[in-house]
Amino acid sequence: MMGDISPAIWNALLASSEYEVVISHLSALLLAYPPPFIFVHDSENARLTASVIRATLHTLALDKDSHVNLSYAHLNGVACFSPRILFDTALNCLARWTPDWQDGALNWSASADGKRYNDNMDAFVHGIQAVYADAVHASTRVNGTGKGKDKASASSQSVQRMVLVIERAERLKDNLPELVVPLTRLAELTQVDVTTIFISENQWQDIRPPLRASPEPYYLDVPYLSKQATVDILTSAFSESLEKCSSSSAAEPDVYHPALRPLYAHFLATLYSTCGPFTHDPAELAYIAAARWPGFVQPVLDAHRRRLHSSRPSHVDDDPMNGLMDGDRTREIDGDGEAFGPPGEDVRLRLMRLFTPSLTAALEALYPRLTHAALWACTHAPPPDLLAIPPAHAPQALRAHIAAQVAQINSGAGGGLEELPRMAKFILVAAFLASTNPARSDLRMFGRGPDERTRRRRRKVGTPRKTKPGTTGTAVKIPQRLLGPTTFPLDRLIAILGVLLEENDAETRPVAPQYSLPGEYTEMEISRVALYAQVMELASMRLLVRTSPADRLDGTPTFKCGIGYELAGKLARELGIVLNDLMYEPL
């Protein structure tokens, strides 16, 4: 139910004053006389608000002492991109029905004949009424176990209520605009006790259908999370991380030591100042903090371990952490009795100066998910004993160590392309050339014959014109490899592939005496069905991007290359292809 939000952040959100107001307000409405349509607006953290509302509904639904029997359905406007998906998901959740593959993944049905309620909005309304009648019947049957007046009072006090929550409701305006009005008037159409809740980061004025077709909702605005509130929420996850690290043998048990909690609070404040202009989502900030914090605190732990393992007093005197620990708040880090406390102000400021630039790099790599936190933390780990390096040379040593680690990982990582078949590698190199070179240059770059050298030589231009004073005379031309890949048809890819196979694969082919004419073996290779199957396999792996519709039968399929120059160059070197000689604009 919590999704990808950690339990510590989850509990902190529920306990925060900002979300406590939303929870109490919504709970009071749903347990009393809720309006038929509620609109919840959160411009900053709509995803967290949806999770908190879902947890609130789950708590109310499990409350057996309440006079309201609540059932709810939580939908996502992005996932429900068709009416049938929305109808089936809503009815299954309201009826607490889970489709099972063993039974044919059947949706909920009130009758044994498997009546469908997903054909249109009218069928969905009848489905809501059937779910409500079934829930009332089940509640009456349960309350009917009493005797006499107890039975009558229990039946009269029990209220059956349904709630339909739609997260990312702004997507309904684009995907299912014809359902916005019926969903907002669901209680009026079904004549049952049902409430519709829209959760969106946009205002209702941006979603409202024209001509005032939808009723005016009950507005519920989520308060803005301040910087201090966000930092407090993230700091509350420190103890949870300590428990995870202490119970895991693969993780560093000292990174989330309780004595480092004050330093973690300062680190989060700096992280928020760096990432705040781009995101205020506590879950995103926690993800970035989890990647940077182990490397940030590693120099402190290295200095402490060096002091513990040092046997000579001179080593202790040279320790940069000596005299910088706050002795009033010392704690035990292990069982040898050595005291460990938070670093002093000088060490904290030094760490901030060293690692603050890397917070921007972490934001640029982790917020769009260009890489994952574990890999980023590994590549940006600091060198050992960073605090022992003189402060004037520490930034250079940190940058050099990170650059060496990135180069080492990149040298051994080919994105998994080294495991591809040899023909697939030829196809990718041919696709890169087809996406980079203009089509008009194919004859000159790949044509073979007596005039090959003449064709490859660029045409000479006439006498250049005199430029006007103060101008360069020509427009700046951006290389195609910087503009991105262009679209090419499949037959052009096959033609370039044939040239590459003829020139770079002839020596490695099995002996085939039946092909005596020049190029006959290559013609056979590029006409195989397996070659076209390999192209489609690469397209499914997103190494080739298909730009034409898959269901289009007329015309040649068109593609784009999905790899860059670095990977194409690595594959070309492995195949023995001089890639720079075949590029229209060589590097």
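**Figure 1. Helix 3 and helix 4 on the sheet of the predicted model.** Helix 3, residues 46-62, lies across strand 1 (37-41), strand 2, strand 3 and strand 4. The direction of helix 3 is at about 155 degrees to that of strand 2. Helix 4, formed by residues 83-94, also packs on the sheet, where it touches strand 2 and strand 3. Between the directions of helix 4 and strand 2 the angle is about 150 degrees. The coordinates shown in this and the other views are those of a predicted model.

Figure 2. The strands follow the order 2-3-4-1-5, and their pairing is parallel. Strand 2 (68-76) and strand 5 (218-221) are the edge strands, each with pairing on one side only. From one strand to the next, the twist averages 20 degrees.

**Figure 3. Pairing of strand 2 with strand 3.** The two strands run parallel and are joined by nine bridges. Asn69 has Gln160 of strand 3 as its bridge partner. Further along, Ala73 stands opposite Leu164 in strand 3. Strand 2 has seven buried residues out of nine, so the rest of the structure largely encloses this strand. Strand 3 is mostly covered too, with eight of its nine residues buried.

Figure 4. Val163 is placed opposite Thr195 of strand 4, and Glu167 is placed opposite Ile199 of strand 4.

**Figure 5. The ring pair Phe267 and Phe296.** The ring centres of Phe267 and Phe296 are 5.0 Å apart, and the planes meet at 40 degrees, so the pair is classed as tilted. Phe267 belongs to helix 13 (residues 261-275) and Phe296 to helix 14 (residues 282-309), so the pair ties together parts that lie 29 residues apart in sequence. Phe267 is buried, at 1% relative accessibility. Phe296 is likewise buried, at 2% relative accessibility.

**Figure 6. The aromatic cluster around Phe267 and Phe296.** Ring pairs join Phe267 and Phe296 to Tyr256, Tyr264, Trp293 and Phe355 in one cluster. The aromatic pairs of the structure come to 13 by count.

**Figure 7. Arg212, a residue with positive phi.** Arg212 is not a glycine, yet its phi is positive, near 55 degrees. The residue sits in the loop between helix 10 (204-207) and strand 5. Its relative accessible area is 58%, so Arg212 counts as exposed; the cut-off for exposed is over 50%.

Figure 8. Arg542 is found in the loop that runs between helix 25 (529-540) and strand 9 (544-546). With 54% relative accessibility, this arginine counts as exposed.

**Figure 9. Cys378 and Cys561.** Cys378 is partly exposed, at 45% relative accessibility. Cys561 has a relative accessible area of 5% and is therefore buried; the cut-off for buried is under 20%. Zero disulfides are found in a search of the whole structure.

**Figure 10. The whole protein, for orientation.** The protein has 587 residues, of which 43% count as buried. Its secondary structure consists of 26 helices and 10 strands. Of the contacts between residues at least 6 apart in sequence, 71% join residues at least 24 apart.

How values were computed:
Residues are numbered from 1 along each chain as its sequence is written. This is a predicted model: local features need pLDDT of at least 70, side-chain atom pairs count only at pLDDT 80 or more; totals for chains, interfaces and linings use all residues. Side-chain values use heavy atoms; hydrogens and water are left out. Helices (H or I, at least four residues) and strands (E, at least two) are DSSP runs, numbered from the N terminus. Buried means under 20% relative accessible area, exposed over 50%, partly exposed in between (1.4 Å probe, protein chains only). Contact means heavy atoms within 4.5 Å. Two strands pair if DSSP finds at least two bridges between them. Axes are lines fitted to C-alpha atoms, for helices over the stretch in contact, and angles run from 0 to 180 degrees between N-to-C directions. A disulfide is a pair of cysteine sulfur atoms within 2.5 Å. Rings of Phe, Tyr and Trp (its six-membered ring) pair if their centres lie within 6.5 Å; planes under 30 degrees apart count as stacked, over 60 as edge-to-face and the rest as tilted.
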